[in-house]
Amino acid sequence: MRFAALAALGLVALQGAAAASPEGERLLSDVARAMGGAEAILGVRTLQADGYGMEAYFWGGGNITGDREAPQKWAENPNFSSVWDFENDRYRTQYRHNFLFPFGGTFGHSFSLSAWGVDGDVGYTLAGNAGTRLAEWTTGGAWFKPDGSVFRKYESLTHPLVAVRAVLSHKAAPENLRIENGMPVVDLVIDEGYVTLGVDAGTLLPRWVRWTAPHQNLGEVVITTTFVGYQDFDGVQLPFTWVARIDWRNTLIQTRMLDGYYVNSGKTPDIAAPAAVLAQPQPAAAPPAAAITVTKIADGLWHFNPGGHTVIEFEDHLVIFEMGGTAAQARAAIALANTLVRGKPLTHLIVSHHHFDHTLGFRAAVEAGLTVISHWGNEEILTDMATRPAPNFAGLVPNPNGAPLKFVPVHGHLRLEDARMTLDIYEIVKHNHMANAVFAYAPKSRTLMEGDLATPANQFSFWAEAYEDNLEHYGLEVDTVSPNHVARPMTHEETLKWIAEGVPRALARCDELLALGRPIPGCPPNIHRNWNERLAQ
Ligand SMILES: [Zn+2]
Ligand SMILES: [Zn+2]
């Protein structure tokens, strides 16, 4: 059957060779026939796909460790709905968002509705009634995912009916027909670029759609969405589920399961972009770096805001702790550090943990030639982030060719010491947010530098005990904390107070959800010290 279908297409002889458009057109007309016919497909004027799904937190970059076997942390996405309005060249997708793991910020658990669309050439995102126009491409989308008008255009083509309809209505040209692993594959070329369509050789139904996007941590990623469970829907074969994977570790990043389709329904909402969005100029891919405020913490120690970096001065060089931030912001922080002390270049970066928000600027650090110090267990994932190239997005992503990682592992404890500075780097203990993590401590000034140990977020203090657990484990006295997620250094007492504020909120949220009959992950929180006393002070 498989061979017969390929032979009927005249494709067997094409192994590995590129083909001109007529063959591509012929494949697509056979695919259209398998789906129910060109007439039925072109008769679809609006399509609405409603359902639910899951999304991988940071697309796999937010798990307990960077180990490829670390279980995936998921967000649930109820209220998923995608709408296509073909006559007006419009598309919109929406879903709600709730983390299925404890998280310190309310936004992780708020079930907020997010929507993205494209109206003609204008890409946009909606939050409530406020719309914001998207750049052509950006790595600074929601949760630091790629986004942009082209991203949303490619996403709109990532559905079998939409992809085939685009060819039938001459909005996309099928080119470069070839066979990959026994499967006919063709590029669907639009003005902005192309998506690639893989066709099941047996059924001649679309099997997957694939395209490339920039990624701040991973350089660029190839996203492949595979369609499963075709059913006849008023004469057209439509898939009821699909899954998306990226080419980094073949990570499953998104699932979508439908409750149903609405075809040409009078109830499908109008998805025109708001007039206020259409009036906005197209923004740049990334905002320029914000001015950085430098706060001296102690002799030889500075805190940078924004960015939450700590710079540490040694005899003949400087070390920086943590490198989040956009490409522009990270480059600005590195440039500023290099001017901080005359004659002392920035040579090393300490990475607290691998989470993609804490390593957003990592590729800029690799580009700057910095040697990286982190928990020994992070070497593999940091190597991926250093070495993956981004040939299609060289202007958007630092270190576009990839570069070898210069890595110093921390096993338990590492002391950096010369006549000017002593800095102890410790493996973090007892922390369910990040198992392979480190913090740094300058014993002379009793300054602790951290990312997500003391100050992850305090709307819900699910990790209230972690800070003191680590101080007790290593027998450390702290005067000052130099935080990554708080804009200024804090005293030890201020830090405890900051953590304490989120304790009753975490406990109350757990009680509230339990009362609703819906106990949630992370509850009851792992809290055992007497925080009421601290709050009372
Ligand atoms: Zn984290
Ligand atoms: Zn964090």
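I take helices (H or I, at least four residues) and strands (E, at least two) as DSSP runs, numbered from the N terminus. I am working on a predicted model, where local features need pLDDT of at least 70, side-chain atom pairs count only at pLDDT 80 or more, and totals for chains, interfaces and linings use all residues. Residues are numbered from 1 along each chain as its sequence is written, while chains are lettered from A and ligands numbered from 1 in the order in which they are written.

**Cis peptides and positive phi**

I looked up P524 and found it in the loop between α11 (492–515) and α12 (531–536). The bond from C523 to P524 is cis, with omega about -10 degrees. I noted another cis bond between N305 and P306, with omega about 0 degrees. P306 sits in the loop between β15 (301–305) and β16 (309–313).

Most residues other than glycine have a negative phi, and most peptide bonds are trans. I checked H170, a non-glycine, and its phi is positive, about 60 degrees. H170 is in the loop between α5 (160–168) and β7 (173–180). I then checked N181, also not a glycine, with a positive phi of about 50 degrees. N181 lies in the loop between β7 and β8 (183–190).

For burial I count other C-beta atoms, placed from the backbone, within 10 Å of a residue's own: buried at 20 or more, exposed at 12 or fewer, partly exposed in between. H170 has 7 such neighbours, so H170 is exposed. N181 also has 7 and is exposed.

**The open sheet**

I traced seven strands in an open, mixed sheet, ordered β14-β15-β16-β17-β18-β19-β20. β14 (293–298) and β20 (407–410) are the edges with a single partner strand each, so one side of each has no neighbour in the sheet. Pairing here requires at least two bridges found by DSSP. β17 (318–321) and β18 (346–350) pair in the parallel sense over four bridges. F321 has I350 in β18 as its bridge partner.

**The core**

I looked for nonpolar cores, meaning sets of buried Ala, Val, Leu, Ile, Met, Phe, Trp, Tyr and Cys residues joined through C-beta atoms within 7 Å. The largest has 138 residues, and those with the most contacts inside it include I320 and I350. Domain 1 (2–154 + 162–278) and domain 2 (293–454 + 464–491) both contribute residues, so this core lies between them. The domain bounds come from an automatic or database assignment.
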